[in-house]
Amino acid sequence: MSTPKVYSIEITGIQVPGDAHEVQRHTEIMEAIASLRRHVQPVQVSIMSEERRHDLLEVQRLKAELHAISDAIQQTKREIATLHYTGAQGREIARVTDELGAVVVGTEAATHSILEATEAINDISERLVVRLADEDREMVCQISDRIVSIFEACNFQDITGQRISKVVGAMRFVEERVEQMIQIWGGLESFKDVSAAENPDREGDRALLNGPALEMEDSTSQADIDAFFK
Amino acid sequence: MEAYSGLFEARSGTSDFGPSAAPIYRPILKVLNVSLDYSIPVLVVDDYQTMVRILRNLLKQVGFKDVDDASDGTAALAKLRERKYGLVISDWNMEPMTGYELLQQVRADEQLRDLPFIMVTAEAKTENVVAAKKAGVNNYIVKPFNAQTLQSKIAAVLGGE
């Protein structure tokens, strides 16, 4: 805050030429001005300080919030980058959808094998029933009941396939939302300096736990394994 | 016993199916005073080949030997316009035409509107059943189902219940 202007008359104390009455009056006026100055200055400083203090606090608060927002933005971008590079577009999501696809293909193939075998049993039992009588015929009828139970149980594959389709749909939805978030933040270009969080590699014996291999992955055949034991 | 006459005769192998092709199936629980025409061609509509195969086998067990299939509503509609079927058994969730859309098309078609139509689907919400009923479905079976349910619903539809 600039210091209040001091007038030359206050400094030099110019003696006003004239009679004693005028001199006295002048002196009184100067003293009054000086007195007023003493009262005014402290009050002005305290008001300005309080306002300034308030402004400074406000600025500091806003600065802290801006820092927090900036940190949150960086953290969000990091998470999005992680999702994008190792998740949605990377190995995790791709592997998950491949695994789910493998479940559907595997169960469908197994179900068809079961149905084929069951149909064959059914054909044989139908041919048998007309050649048999009494208890033997009754036994074939019981076989037929069990055949129907197998057909009923194979319903599972249809339900499984539909449930998996729902899961894959949900994952695609997440993938699309990640893409949208990337676009909101300015596209892939704005993420090039953001480092994605790495999944810690499994160590020791845990690194040997991989589960069943997918068709496109390298795996050892039974023949190759047998060769190890020869 | 008359209600079961067709069933027990078939079970003993002396029905008009003939001794060489006698179907064997379990009797339905509910006594239905119906006789069914097992010679009618049935159209099964489902995009899952496993389910088509299951239905075909169960229908065979029930007594229906003439079974065609289609993988979605569009293909089914084409087949329905080419051949006279006695029953349609359809899934709901299919693309490009769903079973529900197929039902609506069938009921809107002058030639097909009285065709018995049973929905066999995993869609189990009340709103689905209500919508299908409003669209004119004759019966509704929720997956997974058993042979007895399939048999009784078919009997209910074809027997005029």
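Strand E3 (residues 87-90) and strand E4 (residues 117-121) of chain B pair in the parallel sense over three bridges; strands count as paired if DSSP finds at least two bridges between them. This is a predicted model, in which local features need pLDDT of at least 70, side-chain atom pairs count only at pLDDT 80 or more, and totals for chains, interfaces and linings use all residues. Residues are numbered from 1 along each chain as its sequence is written, while chains are lettered from A and ligands numbered from 1 in the order in which they are written. Helices (H or I, at least four residues) and strands (E, at least two) are DSSP runs, numbered from the N terminus.

**The sheet of chain B**
- B:Phe117 in E4(B) is the bridge partner of B:Val88.
- Five strands of chain B form an open, parallel sheet in the order E2-E1-E3-E4-E5.
- Strands E2 (67-70) and E5 (139-142) of chain B stand at the edges with a single partner strand each, so one side of each has no neighbour in the sheet.

**Helix H4 of chain A**
- Why does the length of H4(A) agree with expectation? At 1.5 Å times one less than its number of residues, the 20 residues (134-153) should span 28 Å, and the end C-alpha atoms are 29 Å apart.
- A:Ser144, A:Ile147, A:Val148 and A:Phe151 are buried in H4(A) (20 or more other C-beta atoms within 10 Å of a residue's own; exposed means 12 or fewer, partly exposed in between, with C-beta atoms placed from the backbone).
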